[in-house]
Amino acid sequence: MDLSFFAVFCALLLGFADHSSAADRKISPENLLVITAATEETDGFLRFMRTAKEFNYTVKVLGLGEEWKGGDVARTVGGGQKVRWLKNELLKHASKEDLIILFVDSYDVIFASGPKELLRKFGQMGHRVVFSAEGFCWPDQRLAPKYPPVHHGKRYLNSGGFIGYAPDLYNIVNQWKLKDNDDDQLFYTRIYLDKEQRSRFNMTLDHRSQLIQNLNGAIEEVVLKFEKARVRARNVAYDTLPVIIHGNGPTKLQLNYLGNYVPTAWTYEHGCGNCDDDLLYFNDVPDEEMPIVHIGVFIEQPTPFMEEFLERLATLNYPHTRLRLFIHNNVVYHEKHIEQFFVRHRSLFPSAKIVGPEENMHQGEARTLAVEACKKDPNCDYYFSIDADVALINPDILRILIEENKPVIAPMLSRHGKLWCNFWGALSPEGFYSRSEDYIDIVQGKRVGLWNVPYLTQVYLIQGSILRSRLKAVNLYQQDGMDPDMAFCRSVRDQGVFMFVSNRDEFGRLISTNNYNTSRLYPDMWQIFDNPTDWKEKYIHENYSKIFEEGENVVEEPCPDVYWFPAFSERMCDELVETMEDYNGWSNGQHKDERLSGGYENVPTVDIHMNQIQFEKEWLKFLKEYITPVTEKLYPGYYPKAKAVMNFVVRYRPDEQPFLRPHHDSSTFTINIALNSKGKDYQGGGCRFLRYDCNVEAPRKGWSFMHPGRLTHYHEGLPTTQGTRYIMVSFVDP
């Protein structure tokens with residue numbers, strides 16, 4: 001090898017090593033200072049600071065507590081005040097040759113990685129000043145042709161994030177001679193487009209989002225990348241992992257979505273990483289010192305299970321002396337429920353305000369009236385809004401939501417067996433529903449945590465301090481062309497206030513109001529399809545589930561192969577009887593019966609068929625859901641079809657039809673449910689199984705007999721000697 005060539009080669013290597021070591025020395029994390037601007041500690045600012053702290057960035061905040069004079073940058077040009085602040089700050093660092101400054105916005109920025117990765121990537125770019133890049137030429141599109149051509153990556157400068165050596169950045173911002181409301185991005189753009197200055201400061205743009213990812217125009221390029229106990233945002237267009245994510249322009253909601261995960265807000269390994277940050281605790285707080293909560297209740301359409309909804313207000317595990325109740329009822333049908341509620345519980349809510357249907361108040365006005373009461377009351381710590389189609393089964397809900405210490409927070413609720421929920425994970429460009437990638441996992445509880453979302457409805461808690469500050473001058477519920485919920489969420493979003501939904505606890509469910517017919521005497525009875533859980537709680541016997549529990553011995557066998565078990569609640573029994581009497585279409589107990597396809601009944605009774613009151617399909621659903629499982633347990637090997645043509649309520653009276661002659665039933669098996677009480681409502685009655693010479697003379701209200709219908713269980717109805725006896729009979733699998 002030529003010795004001269006070898007000497008040159010070694011010199012180059014040594015020079016490269018010296019340059020590398022110098023670069024490494026200059027780009028150590030100790031020589032990095034992050035500077036940001038913020039006039040107030042918004043939710044976005046607090047999120048920014050939390051991610052900065054997580055990676056141990058040193059952050060200097062400019063402008064806190066000052067008045068913002070930089071214009072409405074969310075809607076038009078502006079932001080020059082940030083340059084003025086930065087100019088004054090960098091004057092302190094202008095001579096620090098080794099100091100690297102990272103300037104980023106704060107309200108819409110999060111860190112995805114730490115200083116070492118940031119500085120390593122910055123060093124590898126080989127420039128002294130690097131601005132972030134985006135796909136739009138803002139604010140002056142006429143400047144687009146003047147940009148240097150870019151073959152792979154984003155072409156245009158974005159001023160929401162840039163990094164460089166302190167002397168260079170000082171010399172750039174020292175050129176600022178404009179007003180606070182002039183545009184900062186245009187200022188930096190003109191310097192970058194000046195070829196001489198671009199060369200002087202050795203400036204470039206982060207074309208492929210290696211350092212900073214601007215989301216505007218790039219949402220489709222960015223996906224979550226789940227690493228071990230950590231989450232990154234990955235740019236799939238350039239296969240890069242940006243260190244900083246900037247939700248510039250109209251991409252704040254997408255940043256909120258990413259911020260639900262990045263960097264450790266939620267991971268597969270540890271679940272929610274920040275759910276327990278900043279919690280409030282009230283375990284040792286006496287009742288008289290608990291926060292005061294204004295509760296706004298809104299009954300805007302006929303709603304099933306209203307009595308149960310109101311009763312849950314009285315059973316909240318919260319000192320009622322600290323609650324202030326407002327009810328807007330827009331439904332005449334529900335006036336009786338509210339009246340009955342206050343007969344029972346007026347002492348719990350002595351100062352309750354009720355706005356009834358006679359006042360003809362639009363719900364937007366009513367919601368405004370309720371929230372304004374909290375705004376105007378300096379003692380109001382929280383405002384809790386709840387619609388009547390919310391079934392809250394967790395009495396601790398107020399304590400739980402208050403302890404989460406969020407500006408606006410809702411319990412996650414969904415309709416039974418459906419994905420219909422009280423939050424949206426994303427919005428369409430038009431501002432309506434769009435399903436986020438994680439929506440189903442959140443609703444189904446596969447991902448548990450606190451989720452920053454763009455839309456809440458039906459039930460939520462707002463901090464009173466937020467109402468009297470960030471939301472003070474905002475009309476929350478009344479905007480032209482928008483329903484109150486849409487108006488509320490948009491108003492809150494526009495003020496930069498985060499809304500959270502929690503699925504950390506089981507809170508309850510949503511009630512479906514779609515098929516609620518208040519022309520019926522007891523319309524809740526028909527809700528077995530639309531609201532099956534609420535129907536079960538109201539109408540199924542409280543001990544029914546014990547039938548399937550080992551060691552409970554709830555089921556009795558008073559006669560061979562005749563089983564006796566709890567089926568209906570007292571409420572179901574009473575409402576079914578009253579419904580039949582209100583209908584009053586009792587048959588005459590004669591053999592001729594036009595209700596039957598053949599027109600003839602061999603063993604007639606005084607009865608009303610379920611199809612006469614349009615309850616047939618609901619009854620068959622009851623058989624399938626509640627009788628079939630019992631049958632399979634008690635008669636092993638038989639699998640019922642749960643079909644029944646004859647479903648009817650029988651009425652026995654001494655002066656009408658006191659008994660029923662011996663007979664077989666036209667069924668594989670029969671159920672016979674007692675709808676009222678012997679000794680209280682009637683005397684006598686019962687059933688005798690002739691083959692076994694076995695009588696059951698004291699049937700319990702709500703309990704059902706189940707016995708074979710044909711061949712073996714020849715039986716008769718024993719005479720009712722006084723009062724009126726009602727039973728519900730079904731011939732199953734004829």
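Tutor: Start with a cut-off: a residue is called buried when its relative accessible area is under 20%. The model is a predicted one.

Student: Why is Cys-380 called buried?

Tutor: Its relative accessibility is 0%, and the limit is under 20%, so Cys-380 counts as buried. Cys-374 also has a relative accessible area of 0% and is therefore buried.

Student: How do you know that Cys-374 and Cys-380 are joined by a disulfide?

Tutor: Their sulfur atoms are 2.0 Å apart. A disulfide requires two cysteine sulfur atoms within 2.5 Å, so the pair qualifies. The link is left-handed, with -90° about the S-S bond.

Student: Why is the disulfide of Cys-559 and Cys-694 called left-handed?

Tutor: The torsion about its S-S bond is about -85°, so the disulfide is left-handed. This pair links distant parts of the chain, with Cys-559 in strand S28 and Cys-694 in strand S36, 135 residues apart.

Student: How do you know that Cys-573 is in no disulfide?

Tutor: The nearest cysteine sulfur, that of Cys-687, is 17 Å away. The cut-off is within 2.5 Å, so Cys-573 forms no disulfide. Cys-573 is buried, because its relative accessibility is 0%.

Student: How many disulfides does the rule give?

Tutor: The count comes to 3.

Conventions:
Residues numbered from 1 in each chain as written. Predicted model: local features only at pLDDT ≥ 70, side-chain atom pairs only at ≥ 80, totals over all residues. Heavy atoms only, no water. Buried < 20%, exposed > 50% of the residue type's maximum accessible area, 1.4 Å probe, protein only. Helix = DSSP H or I, 4+ residues; strand = E, 2+ residues; numbered from the N terminus.
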